Structures are given as structure tokens and as C-alpha cells.
Amino acid sequence: MDIDVFAAAHAKEWQRLDELVRGRRSLSGEEIDELVELYQRVSTHLSVVRSSGQDPVLAGRLSSSVARARSAVTGSHSSGWADVGSFFTRVFPGILYRLRWWWLGVSVGTVLVATAVGVWIANDPEALAALGTPEDIARYVEYEFANYYVETPPASFAAQVWTNNAWVSAQAIIFGVFLGLPTLWVLLVNAIGIGSAGGMMFALGRGDVFFALILPHGLLELTAVFVAGGVGLRIGWSIISPGDRTRMRALGEEARAAIAVALGLVVVLFISGLIEGLVTGWITNTWAAIGIGVVAEVLFFLYVFTVGRKAYEEGETGDIADAPAAVPVA
């Protein structure tokens with residue numbers, strides 16, 4: 001076989017394969033089919049060139065083209081560590097920024113409800129009495145509230161609160177498929193719980209203790225829960241008002257983004273769990289403990305509104321990667 005004649009006969013096909021690989025992120029359905037067909041055909045050409053042993057340079061060039069085409073077809077275009085880095089520098093913060101008004105709205109709404117409940121209980125003896133006997137409330141305020149954070153070894157306690165908060169956040173997200181109504185219930189229950197605890201503490205003059213023990217870990221922890229709630233409500237709203245998308249498409253896109261948020265929140269809640277297990281109740285300097293919580297919260301917002309904003313403006317939506325794992329064929 002004359003390898004020069006063979007190369008001349010198939011040069012256009014090889015060039016076309018390279019063109020399709022370079023533009024793989026914007027291919028039409030027909031072009032994707034063409035890419036798959038050319039990938040298979042050029043793989044055969046590579047075998048022919050290699051078996052002839054006449055042109056190692058050409059074999060190397062075709063081998064490189066086939067490798068790039070294989071990555072485009074299978075979607076395996078980056079290493080696992082590269083994917084992890086991309087997730088935390090683009091995908092996760094980009095979604096948080098895109099959905100910022102949802103979870104910021106949830107944050108404001110939940111804080112308002114919790115504050116209203118707390119003020120009501122702290123100033124209404126009947127409401128306070130409905131929560132328990134005077135002895136029970138006094139025991140909770142003077143002992144149980146503070147002891148909760150130190151009665152368990154720090155490492156075990158951190159793991160416990162991490163698991164619990166991850167479960168609450170997962171519920172808030174998953175319940176979004178039911179039009180977001182159960183998500184609202186989860187957020188309401190949490191708001192009432194926080195408000196009730198704060199109301200009892202303030203009613204008995206221990207409001208300073210309440211904030212000293214809540215703020216170090218609570219700022220980041222509650223923000224994570226608010227994010228989960230906002231994402232859950234966005235899923236529900238995508239069903240109610242999908243815009244120019246079909247309801248199934250809108251639900252699919254928002255649900256895939258929600259999975260990414262859930263994965264990212266595992267790390268955020270792990271950090272807040274460490275603060276709750278190792279700082280809250282253990283660092284006796286109140287302002288130092290609160291300062292740690294404030295720093296963690298500020299870093300989170302900087303992460304969202306700098307890294308996330310940049311990723312969002314570059315087109316990151318949080319949906320699956322453009323390169324498909326399974327390519328349609330004609």
C-alpha cells in the first residue's frame with residue numbers, strides 16, 4: 001500500500017474530524033452523528049497506518065486526533081481532580097450566585113419569622129407558659145441550652161450536627177419537587193424552633209448567652225440551610241412557571257443544579273459542624289468565638305459574590321457538562 005496515496009485519499013476526513021472536535025460544544029445533532037462516524041472511520045485508518053509501519057509521524061498525528069475525538073464522544077475530557085477543582089471554582093459558586101435572590105429571600109423571610117416568634121414569646125407570658133412549666137423552662141435556659149454544646153465529645157458532636165444539618169438541607173431541596181410546599185414547612189419549623197429558643201432565653205434574661213452560643217456556628221450553618229431552602233423553592237417554581245421551557249426540561253435543569261448544590265453544601269455544613277463542635281461552648285471568649293463565625297460567613301459571601309459571579313458571567317449554569325456521556329446516533 002502506498003501510504004502517501006492513502007493519506008491523500010482520506011485527508012479531508014481527518015481534517016473534518018479535527019474541526020468537529022474543536023467545535024464540539026456547539027454541534028448540532030447531525031454534526032454529532034458525523035463526529036461519531038468519523039471517529040470510528042479514522043480509528044480504522046489509524047490501524048491501517050500503524051500496521052503498514054511506513055509513516056510513524058502520520059500514525060502519531062492520527063493517534064492524537066482519535067484520542068481527542070474519543071474524549072469528545074465519551075465526555076471524559078478531564079481528570080477527577082480537575083473536575084473537583086472545577087466544581088468548587090465554577091459550578092458550585094456559579095449556581096449559588098445564579099440563585100442568590102432565592103436563598104437571600106429565604107434568609108430574610110426566615111429571620112423575620114424567627115424574630116417575630118422570639119419577640120412574641122419573650123413578651124407574652126401565656127405564649128411562654130405554653131412551651132412548658134416554669135421549672136422546665138428555667139432548666140432549659142440555665143442548663144440544657146448551653147450544656148447541649150459541650151456534653152458530647154467535640155469530634156462526635158461535630159459529626160452529629162453535620163449529619164443532622166445535611167439531612168435538613170437535603171429535605172429542603174428534595175421537597176422542592178412537590179411545588180416547594182414541604183420546603184416552606186421545613187423552613188417554617190426551623191424558624192419557629194430558633195425563635196422559641198431565643199424567646200425563652202430572652203424572657204429569662206439570658207439573651208446574651210443565646211447569641212453567644214448561636215452566632216459562632218449559626219451564621220454559616222443557617223446560611224447553608226437557607227441556600228437549600230432557596231434551591232428547593234426554585235425547583236418548585238420551575239414546575240409552576242417554567243418560562244419558555246417545557247416543565248420537564250425546566251425541572252430537569254433545576255434538579256441537576258440542585259444536586260450540585262447539595263454536594264457543595266456537604267462541605268459548607270462540614271465547616272459549620274467543625275465550628276459548632278470545636279468552638280461553640282468551648283472557647284470561653286465570647287467575642288473570639290463570634291468572630292470566628294463572622295469570618296466564616298464573610299468568606300462564604302465573598303466566595304459567592306466574587307468566584308460565583310465570575311463563573312456565572314462566563315456562562316456557568318450548574319447543568320451537566322456540554323459534552324454528552326451518551327451521544328445520539330442516526
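At what angle do the axes of helix H8 and helix H10 cross, and within what distance do they come? Keep that in mind while we look around.

**Before you start.** This is a predicted model, in which local features need pLDDT of at least 70, side-chain atom pairs count only at pLDDT 80 or more, and totals for chains, interfaces and linings use all residues. Residues are numbered from 1 along each chain as its sequence is written, and side-chain values use heavy atoms, leaving out hydrogens and water.

**Show everything.** You will find 12 helices and 0 strands (DSSP runs numbered from the N terminus: helices are H or I, at least four residues; strands are E, at least two). The C-alpha trace spans about 100 × 40 × 30 Å along its principal axes.

**Colour by pLDDT** (the predictor's confidence in each residue, from 0 to 100). The protein averages 88, and 94% of the residues score at least 70.

**Select residues 154-174 and 207-240.** These are H8 and H10, whose axes come within 7 Å and cross at roughly 20 degrees (axes are lines fitted to C-alpha atoms, for helices over the stretch in contact; angles run from 0 to 180 degrees between N-to-C directions). The two helices are therefore roughly parallel to each other (angles under 35 degrees).

Key: Parallel < 35°, antiparallel > 145°, perpendicular 65-115°, else oblique.
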